[in-house]
Amino acid sequence: MHPFASYVLRSYYRATGWNEDNLFANLTRSSAAILDFNVPRGLSLSVSKSPNSFFNTSYTMNALPSLNGSVGYIFTSCELDIKNSGDVCLKDMVERFKVYDHPRRPEGKEEVWLAGERVDTRDYLLYGRLYLPTGRLDALYSTRLSSTMQALVAAISDPRSSFVAEGRARGDNVSNVMLSLQHDLGKWCTEYTWSAEDGMWGVRVLHNFGRLGSPAQPLEESTIDLRPKRVDEEDATGGGLKGRVSAGAEVYASAKEKSAGVSLGVRFTTLPDATLQVSSRGAVQPPTTITGLFNPMMGHLSAAYAARVSQDLSLCSRFDFNVYSYDSEWTMGAEWWMRRSSPEFVAQKVEVGPSSVHPKKWDGLLSPSVSDPTGVVKARISTNNSVSLLWEGRLKRMLVSLGVISDLSSRSKPIKAIGLELSYFSIE
């Protein structure tokens, strides 16, 4: 389940028209949503409040395995459409499989002029969180410099890491400041980062092949399109998936650590995005994402295949391999959305013209009155004998996450972790 701060940040990006999915760092987001979900550990309770459309507060307490908590505040320059935990769409609070729409060039806010002077200001977001009793402080500042450029400043202040070397030896998060500049043109997206703690400089580039989407269309999933296409409407009648390709790279170097690295990535997604399309031959093209990552210096290779095989079921598999040590791992996962009632299917007679492949055909189409999901079950298993299960849903007006991690190779301790997370937030 997304923390309340992440929900507000995504709402801010949506309100300002920024596409966070068009980044090289999110290249494998669809497959990671199924295979890399976080299972809560222990007992956690989160309560958040939105006194107005600009200011939000959040309080978190972890009762198990140790007692600790945090207090967070978020302020934005623009009004956000924040909903109650009992009314918010469950899919907006869960990291899920999704085939994203065409990349689009971001549009800036409209200019406001008064007496010949421009009076509108840049949009920004301020976030801070204080952890108790450790005293660690996290902060984030995000602002739009232009319609296609965004700047972020993230900082961590941890009193326990006064000595950097001792902090690293203990595995603590040392104090650090990171600057990031993102430049999104739709077809090209570039990100420049700098980390003060280790003097790390990095550049990430992502290029999307094919045409851009219309700026007038929203950045969300398309509706289901089950209209049969004529042969003369197709560019080709051959089989296989139709889609678009995105490729990118990451380069980083640190003079202080005397280290450097590079990563390459490619992604294929089906078209049209997030739909179940009936082709001219009557075959259904499921929403599919195929990704590949390669780090030549570390010798790590990763390939993932994810697809939505039905309206509520998505499957994914990923293979990781190291060319130097020959270590490999195969991970499989599933995501199943639960509803109050099963989707209703209605028989619809599709009349097709004489120039098409099928002169007459009966199709079972999804009824538009499909109920909203009430929860999602995620499962993950890998060749290292690790099995994870997670259920996320809503009880009354509270969001709930319940998960377990087990180790099949251990007879003495088959359950490695189990956790329950409760989240409640409201608005005026």
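This report describes selected surface, core and aromatic features of a predicted model.

## A nonpolar surface patch

On the surface, a nonpolar patch is formed by L45, V47, M61, L67 and Y424. Together these residues have about 430 Å² of accessible area. One of them, L45, belongs to strand β1, which covers residues 42-50. L45 is partly exposed because its relative accessible area is 32%, a value between the limits of 20% for buried and 50% for exposed.

## A buried glutamine

Q150 is found in strand β8, which spans residues 149-157. Its relative accessibility is 0%, so Q150 counts as buried. When neighbours within four places in sequence are left aside, the residues in contact with Q150 are Y12, Y13, W18, S142, T143, R144, L145, S180, L181 and Q182.

## Aromatic pairs and a cluster

The structure contains ten aromatic pairs. Among them is the pair of F75 and Y124, whose ring centres lie 6.3 Å apart with 40° between the planes, a tilted arrangement. This pair links distant parts of the chain, as F75 lies in strand β3 (residues 68-76) and Y124 in strand β6 (residues 124-132), 49 residues apart. F75 is partly exposed, with a relative accessible area of 31%; Y124 is also partly exposed, at 26%.

Elsewhere, one aromatic cluster is formed by F4, Y7 and F425.

## Charges over rings

Two aromatic rings can be examined together with a charged residue. K91 lies over the face of W337, at 5.3 Å from the ring centre. The ring of Y131 has the charged end of R136 over it, 5.4 Å from the ring's centre.

Definitions and conventions: Residues numbered from 1 in each chain as written. Predicted model: local features only at pLDDT ≥ 70, side-chain atom pairs only at ≥ 80, totals over all residues. Heavy atoms only, no water. Patch = residues over 30% accessible without salt bridge, like charges linked within 9 Å, V, L, I, M, F, W, Y side chains within 5 Å. Areas by Shrake-Rupley, 256 points an atom, 1.4 Å probe, with all protein chains shown as cover. Salt bridge = Lys/Arg side-chain N within 4 Å of Asp/Glu carboxyl O. Helix = DSSP H or I, 4+ residues; strand = E, 2+ residues; numbered from the N terminus. Buried < 20%, exposed > 50% of the residue type's maximum accessible area, 1.4 Å probe, protein only. Contact = heavy atoms within 4.5 Å. Phe/Tyr/Trp six-rings, centres within 6.5 Å; stacked < 30°, edge-to-face > 60°. Lys NZ or Arg CZ within 6 Å of the ring centre and 35° of its normal.
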